[in-house]
Amino acid sequence: MKRQINGNYKGSYTVQAAGVYGLSSFREILRIFLMANKPTYEELEQRVKELENEAFERKQAEKVLKENELKLRVSEQELNSILHHSPDIIYRLNPAGEITYINDIVKEYGYSREDLIGKNILEFVHPDDREKAVHRIDERRTGDRSTKSYEIRLLRKDLDYVPFENKSR
C-alpha cells in the first residue's frame, strides 16, 4: 500500500517502517515525522524576521510601483495633450516609410488618422518633391540630419496640393 505525502509516493517505506516499529496509523507516523523535524525557537524566530523583512520590502516595492505608475499616467496624459493639441503635423514612419503614427491635425488636410496609418508617406508628396522627401527621410533614418528644414507639397484628400514645411532639430 502506498500513501501520497506532498505529491511524492513514500508510503511503502513509511508503512514498512511502521510495521517494524509497531506504529499503527499514518496519523501517528506523520506526528512523529513532524516532531523529528520540528524547528527550534531560534529558527522560528529567524524565519519570522525573514518574513517580516520580505513583507516590508514588498510593501516598499508596491509603494514605488504605484508612484511610478502615477508618474507614467501623468506623463502619458501630458504627451497626449501635446500630440492632440499641436497645430503641427506630428508623425512617425517605420523604416519602409509607412506612417505608423500621425496626430489629428491631418483633418485640416481632409484625412482621418485611419486614412493615413499604414500608407507610405510618399503617396502624399507631390511627384516633383519626392526626391527631396526621400533624401530627408534617409537623413532621419541614418541619423545624419544636415537638413533642418525643407518645404514640399502634400496632397490633400480633395486632390489639391498644399505647401508643407518640415522642420526638425
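Q: Which residues are buried in α5?
A: In this predicted model, the buried residues of α5 are A133, R136, I137 and E139.

Q: And how are those buried residues arranged when you look down the axis of α5?
A: Viewed along the axis of α5, the buried residues fall within an arc of 155°, so they line one face of the helix.

Q: What is on the other side of α5, then?
A: On that other side, E131 and T142 are exposed.

Q: How far does α5 reach from its first C-alpha to its last?
A: Helix α5 spans residues 130–142, which is 13 residues, and its end-to-end C-alpha reach is 18 Å, close to the 18 Å expected at 1.5 Å a residue.

Q: Changing topic, in what order do the elements of the protein chain run?
A: Starting at the N terminus, the order is β-β-α-α-α-β-β-α-α-β-β, with five helices and six strands in the protein chain.

Q: What share of the protein chain do buried residues make up?
A: Of the 169 residues in the protein chain, 20% are buried, while the chain exposes about 13,300 Å², of which carbon and sulfur atoms supply 53%.

Q: Which residues make the nonpolar surface patch?
A: L30, F33 and L34 make a nonpolar surface patch of about 290 Å², and L34 lies in helix α2, which runs over residues 26–36.

Key:
Residues are numbered from 1 along each chain as its sequence is written. This is a predicted model: local features need pLDDT of at least 70, side-chain atom pairs count only at pLDDT 80 or more; totals for chains, interfaces and linings use all residues. Side-chain values use heavy atoms; hydrogens and water are left out. Patches are made of residues with over 30% relative accessible area and no salt bridge: like charges are joined within 9 Å, nonpolar side chains (Val, Leu, Ile, Met, Phe, Trp, Tyr) within 5 Å. Accessible areas come from the Shrake-Rupley method with a 1.4 Å probe; for residues, only the protein chains shown count as cover. A salt bridge is a side-chain nitrogen of Lys or Arg within 4 Å of a carboxyl oxygen of Asp or Glu. Helices (H or I, at least four residues) and strands (E, at least two) are DSSP runs, numbered from the N terminus. Buried means under 20% relative accessible area, exposed over 50%, partly exposed in between (1.4 Å probe, protein chains only). The expected span of a helix is 1.5 Å times one less than its number of residues. The arc is that of the directions from the helix axis to the C-beta atoms.
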